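Here are my notes for you on this one. Keep the viewer open and click along as you read.

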Amino acid sequence: MKMEWIDNTKKYRTDKWLEIALYHPEKGYYRKREKEPGGSGDFYTPIHLSDILAKMIALKFEKKKHDKVFEFGGGDGYFAGQFQNLKKNTDYTIIDWVDSKNTKTINPNKHLENKKAYKNCLIVGIEILDAFPARRFLFSKGDWHEEHWVFKDEKWTNQWEKIKKNNTFLKNIKKPTGDKILEYQPNLKRFLSDLKNKFKKSSFIFIDYGIYDPYGDTLRGFEGHKQLKPFSSPGKTDWTTDVRWNFFEDECSKNDFKNIKIKTLTNFSLPLLEEIVKPDMSYKDKMALKELISPFGMGESFQVATGDI
């Protein structure tokens, strides 16, 4: 069914508004990719400091003895270029909606339609998990409510509506905390299930920001490196929520993934420093490394999820 663009006369569940604003085929933020991350975009990621992170992931690639890389959400191929400069002739594929400049790219739908299962791959995702639209719930006065949005007084306004029938996710919450927003990404569950079906004898590295508490209001947008409150500028703003690592771990276990570890970017980086740091390291790389491992920089803001499929 064709996805219609956001209509100011309609009411939307939070995840449905986000799905359209981010993934509409013609107008969605991630589909048209008018701006890539970095200085001229809406936000930075760890890869824009230098190729230090690419060197770390290349080391993991070598140690696991993988022979292929699949990067989800690789955009214009910025990280792919860094990696391929280090590991030339690597079989590298980006799975994204927009073709990258110099790297083989597969449309996500085509990827799922292909019945082939890939083996011995490293799966990489840099700030991809937070891009799955979230549903938002609130337990109040003995009942669950879900957030919806309506366009009122020239702006989008949220309202909480009582849920008549709890879904499977809510039924599993035995002792809900009252009057706190709970965020849930249903498509993350599907994504992890698809990984199990599409990849064998492989491993993954996902770099993202998240929390272990399922409760918390983390919905926000980024435009021109400024943080915005929801909702405005559909199609022009990167809307995101924190990854819930407890949910991620539970779903990984259900899919029988092994060796699941979630570390801060600092703790992921530290064991690799001996092989990364060189006497002739440039000043730029030294500053990038400081930002990556510092508890006051990206080192504690980002987490790294690793595991085997």
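Predicted model: local features only at pLDDT ≥ 70, side-chain atom pairs only at ≥ 80, totals over all residues.

1. Let's begin with helix H3, which covers residues 52–64, and helix H4, which covers residues 78–86. Two packed helices are described by the angle between their axes and the distance between the axes. For H3 and H4, the angle is about 60 degrees and the axes are 9 Å apart. That makes H3 oblique to H4. If you look at the handedness, the crossing of H3 and H4 is right-handed.

2. Which residues of H3 and H4 meet? On the H3 side you'll find Leu 53, Ala 54, Lys 55, Ile 57, Ala 58 and Phe 61, and on the H4 side Phe 79, Gln 82, Phe 83 and Leu 86. Sort the residues of this contact by type and you get eight nonpolar, one polar and one charged.

3. H3 also packs with helix H11, made of residues 283–293. Here the angle is about 70 degrees, again with axes 9 Å apart. Angles of 65 to 115 degrees count as roughly perpendicular, and H3 and H11 are therefore described that way. From H3, the residues Ile 52, Leu 53, Lys 55 and Met 56 meet Asp 285, Ala 288, Leu 289 and Leu 292 of H11. This contact of H3 with H11 has six nonpolar residues, no polar ones and two charged ones.

4. Now for the charges: how many salt bridges does a search of the whole structure find? The search turns up 20. I've picked out three of them for you.

5. One joins Glu 19 and Lys 16, with their closest N and O atoms 4.0 Å apart. Both sit in helix H1 (residues 14–23), and because they are three residues apart there, about one helical turn separates them. Glu 19 is partly exposed at 26% relative accessibility, and Lys 16 is partly exposed at 38%.

6. Next, have a look at Asp 91 and Lys 104, whose closest N and O atoms are 3.5 Å apart in a salt bridge. Asp 91 belongs to strand E3 (residues 91–95) and Lys 104 to strand E4 (residues 104–106), so this pair ties together parts 13 residues apart in sequence. Asp 91 counts as partly exposed, at 33% relative accessibility. Lys 104 is partly exposed too, with a relative accessible area of 47%.

7. Then there's the salt bridge between the side chains of Arg 244 and Glu 183, at 2.7 Å from N to O. It links distant parts of the chain, since Arg 244 is in strand E17 (residues 243–244) and Glu 183 is in strand E10 (residues 181–184), 61 residues apart. Are these two buried or exposed? Arg 244 is buried, at 4% relative accessibility, and Glu 183 is buried with a relative accessible area of 4%. Salt bridges with shared partners also join Arg 136, Glu 147, Glu 183, Asp 217 and Arg 244 into one network.

8. Finally, find Arg 33 in the loop between helix H2 (29–32) and H3. Arg 33 is buried, with a relative accessible area of 16%. Leaving out its neighbours within four places in sequence, Arg 33 is in contact with Gly 75, Asp 96 and Val 98.

Methods
Residues numbered from 1 in each chain as written. Heavy atoms only, no water. Axes fitted to C-alpha atoms, helices over the stretch in contact; angles between N-to-C directions. Helix = DSSP H or I, 4+ residues; strand = E, 2+ residues; numbered from the N terminus. Parallel < 35°, antiparallel > 145°, perpendicular 65-115°, else oblique. Left-handed = near helix turned anticlockwise from the far one by under 90°. Contact = heavy atoms within 4.5 Å. Nonpolar A, V, L, I, M, F, W, Y, C, P; charged D, E, K, R; others polar. Buried < 20%, exposed > 50% of the residue type's maximum accessible area, 1.4 Å probe, protein only.
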